[in-house]
Amino acid sequence: MISLLLLLPLVIMAQTSGTIRGKVIDKANNEPLGFVTVALVPFGQTAPVAGCNTNDDGTFVINGVKEGNYDLKFSFVGYLSDSRKISITAAENKRNVGTIVMKTDRKMLKEIVVTEQRSQMSFEIDKKVFTVDQSIAATGGSASEVLADIPSVEVSNEGTVSLRGSESVTVWINGKSSGLTSDNQGDILQQMPAGSIEKIEVITNPSAKHSPEGTAGIINIILKRDRKAGYYGSVQAGADSEGGYNAGGNINYSSGKIDIYGGFNYRNMEFENESTTRTRYFGARNSYQNQGSTGSHNPNNIFGRAGLTWRFTEKDELYLNLMGMYGKGKHESNILAESGAIESDGKYGNPTELRRRKTSMDGRPRMYNIEIGYTHRWSDSHFLDFSVGRHQWKQLRDAEYIQETENLTTTPATVYRSYQFQDGENRSTNTEIKLDYEYKINENSRIEAGYKADFSDDNSPVITYTDEAHTQIDEGLYNMFRYKQDTHAFYGTYSGRIGKLGFQIGLRGEYWNVRTRSYGYHDEQNGNVPGFRKKDFFQLFPSAFLSYEISKGHEIQVNYTRRLRRPWGGQLNDFKNISDSTNISFGNPGLTPEYSNAYEINYIKNWKNHTLSLSGYYRTTEDVIERISYSLDKVIYTTHENVSSTESAGLEIVSKNKIFKKLDITTTVNLFYYKLDGFRYTIYDQDITGKEEKNFSWNARMTASLMLPWGVTMQATGRYNAKRIVAQGHREPSYSLDLGLRKSFNNNWSLSINARDILDSRGWHTVTENNTFYRDSESSHGGRRIGFTLTYSFGNMKAKMPKRKQQEMPANGYSDMDGMGEM
C-alpha cells in the first residue's frame, strides 16, 4: 500500500498535459484587463474543467490541460463575452492564443441595476465562509458581536469564544495568530471594530498544514482589503441608544506594482450589566448566600491598520502589514450579598451578615502587530512564502476594592471595612516565523510543506496595597508570574485526484517547551526567586481527507485529524483573583495539554437557488481541561484541572435558500451529544467530585435578508440554545433576536439602523453543584441597543483588478482541500 502511494504522483505526472497562455486587453484604449475570468470548457459541455483570472498586465496561463478540443471563454462584468476554439494534442501541447480584445457592453453599463444581494454564506469543502461586510446587525459593533452572529459560534459575556459548544477553539486574524491568545483574545475582539471585517472562515477540522491548537477547530477573521485598481475608500460615523458612538474611515490604492491600504476607527461604548447568584452550602456549613451585582463598562479605543505590497518583478513581491490599538476603559460594579443559616426545616433563616463591595477598575490596553514577508513565484501554482511577525499586547490595570461587612448578630450591628488597591500589568510578546512552500504538480496533484517557529513571552506582575496611600503591601496578594513557550513545527501534505475521487494526506510534527515561574513578596525580598518550571513536549499530528464528487455541485467528504489544546498563561498562574471576595479564581501550574481525535463527514448538494450541507462529527478528548469549583469557609474557589475524558458527536445541518431573488434565508441546526466521565480528587482535605454527565442538546439559528423597494435592505437573525451540560452543572436555554435596516442613497451614501437583542433576552443562566455546594447564577451584559451608522463611499475604480496570485478554478467547482491559512 505504501509503495502504491509513493508511485501515485509519478503515475499522475506521466499523463500528457499542455499549457494555454495569452493576453486580454480593452478595445477602447488597448490597456490590459486584469481579473478577467478565463474558463476552459470541453466541446459539447457547459462546465469548465480548468480556468483562471488574468493578471494585472492582462496575461494568463492555464497549466495541466489534457488532450482534447475546447472552447476558451472570456468574461468580465461590463464587457461583452468572447471565446476561442482551441485543441491540445501530443504534438501541440503548448498553445498561445495571442491577444484577446474585449469590447465594453455599453447597454449593460447603462441598464445595470442591483436586483440581487451577495450571499452571506458560502461552502468550501474544508470550511464555511461567512461574508459579514454587508451585515446590518453588526454595523457599528465589535468583532465579538460579529462572531456571535456566526452559526455554531458562541461568545460569552466575558468575551470567551466557543465553537460547537467547545471553548477549545483557535482564533486567527488574516490566517495568522497575530498575537491572539486565550489571555487577551476577549479584550481584543471586544474592541476591534466590526467595520474592519470582510468575512469569517470557520474551519472545523483543519489539516496538518495548520496549527493543531484548538480541538474544536479554527475561526479565521479576514479583514477588509479591496484590491480594485485605482483608489477606493469610505468614511462612517455612528451612535447608539446607550450613549456609545464611533467614527472611522479606510482607503485603498492599487496599481500594477503597488497595493496600499489603511484604516482608522475610534469607538466609545457604554454597557450596563447585572447578575444574581444564589448559593447553598452543604454539610457542617449548612447556610446560604444570595448576591446581586450591577455595573457599568465604558471602553474606548483607537484601532488602526495599514499595509503595502510591492511587486518588484513578475515573480517577486514584498509585503508589510501593520495593526495597532490604543485605548482605555473604566469598569465599575457594586455587589450586595446577604448570608445566613439554613434552619432545620430547610427554610432560609434571617440574614446574619450583609456585605457591600464596590469595585472601580481602570484599564489601558495597548497592542501592535507588524508582519513583513516575501513571496517568490516560479509559476502560478509554484511558490515560496516567507514571513516574520512581531506582536505585543499590554494591558495596564488598576483596581480599587472597597468592602463593608455588617454583622447582624450584634446589637448594634458591627461593621468591618476593608480597602484594597491592585496594580497589575499583563504583557504578552510573540514572534512568529513562517515558511510555506507549495507546488501544484499538475491539475490533479499538489504538495505542500513548511516550517513555523513561535516564541511567546508573557509577564503579569500584580501588587496589592491595603491602604489608600498605597504604601502597605499585602504580602499574600503579591505575585510575579512569567510564562514562556517556544514552538517549532514542520508539516507536509500531498493532495491528489483520480477521476471523481480526491484525497489528501498530511503529517505535522511539533516540539514545544513551556517555562513558568511564579513567586511572592517574601521570595523577592529574601532573594529566593525560584527558577522556571520546565516541561518539554513532542507530538505528531496526522490528517487524512477523502472526497468524492457524485455529480456537479454534489460532493461527500470524510476526514480525520488529531488536535490538542494547550493550557495558557492565566490557567497556569496560581495567583488568586479577588475582584469578588466570595468567588475567587486562580490557575493551576500542574495542567497538561488535552488531546483530541476528530472525525468528520460532510455532504454538500447545490441547486440553482438552494444549498444543503450536512456535517456529522465525532470527537474524543483525553485529559480535558475544565473549570472546577469547591467551597471553603463560605467562599467559592474556581480553578482548572485535567478532570477526565469526553466524547462528543453531532450533526450540523445548514440550509441556504434564495426565494424570488429578493429573499435569502440561511438556517443552521446543530444537534449534539456530549458525555463527560466522572472524576474525583482531593483539595484541602475535601473530596471534590463530578458525576458522569450525558446530555443531548441542540441549537438553531436563522438569518433572513430581504431586498425591499427604494434601495432598502432588511435583515433579521434569531437564535436559540437549548439546555446544555457543563462541568459540575448545566446551562439553561437562551434565545435572542436582532433586526437591521439599510437604505442606500445615490450609490455613495447609506444609512444603517440596527437593533441588537431586541427582546432584551441575551444572557447566561448557569447551575453549578457538587457535594459541597449548589449555585444558581444569572447574568446579562449590554441589553437592548439600537444603533445608527451613516457611511459615505468614494473612489476611482478602474476596470482591472490586480491579484497576488492567479486563482485557478478546480475542476470540481470547489476550492482546494486546503487554503493558504496559518500553519
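In what order do the three strands of the open sheet lie, and what is the sense of their pairing? The order is β4-β1-β7, and the pairing is mixed. Strands here are DSSP runs of E, at least two residues long, and helices are runs of H or I, at least four residues, both numbered from the N terminus; two strands pair if DSSP finds at least two bridges between them.

This is a predicted model in which local features need pLDDT of at least 70 and side-chain atom pairs count only at pLDDT 80 or more, while totals for chains, interfaces and linings use all residues. Residues are numbered from 1 along each chain as its sequence is written, and side-chain values use heavy atoms, without hydrogens and water.

Stay on the sheet and select β4 (59–65) and β7 (94–102): each stands at an edge with a single partner strand, so one side of each has no neighbour in the sheet. Next, select β1 (residues 18–26), which runs parallel to β7 and is joined to that strand by seven bridges. Thr19 stands opposite Lys94 in β7.

Move to β5 (residues 68–75). Strand β2 (residues 37–42) pairs with β5 in the antiparallel sense over six bridges; Val41 has Asp71 as its bridge partner. Strand β6 (residues 82–88) is also antiparallel to β5, through seven bridges, and Gly68 is partnered by Ile88.

Finally, select Leu147. Setting aside neighbours within four places in sequence, Leu147 is in contact (heavy atoms within 4.5 Å) with Val153, Val155, Val161, Leu189, Ile200, Ile219 and Ile221.
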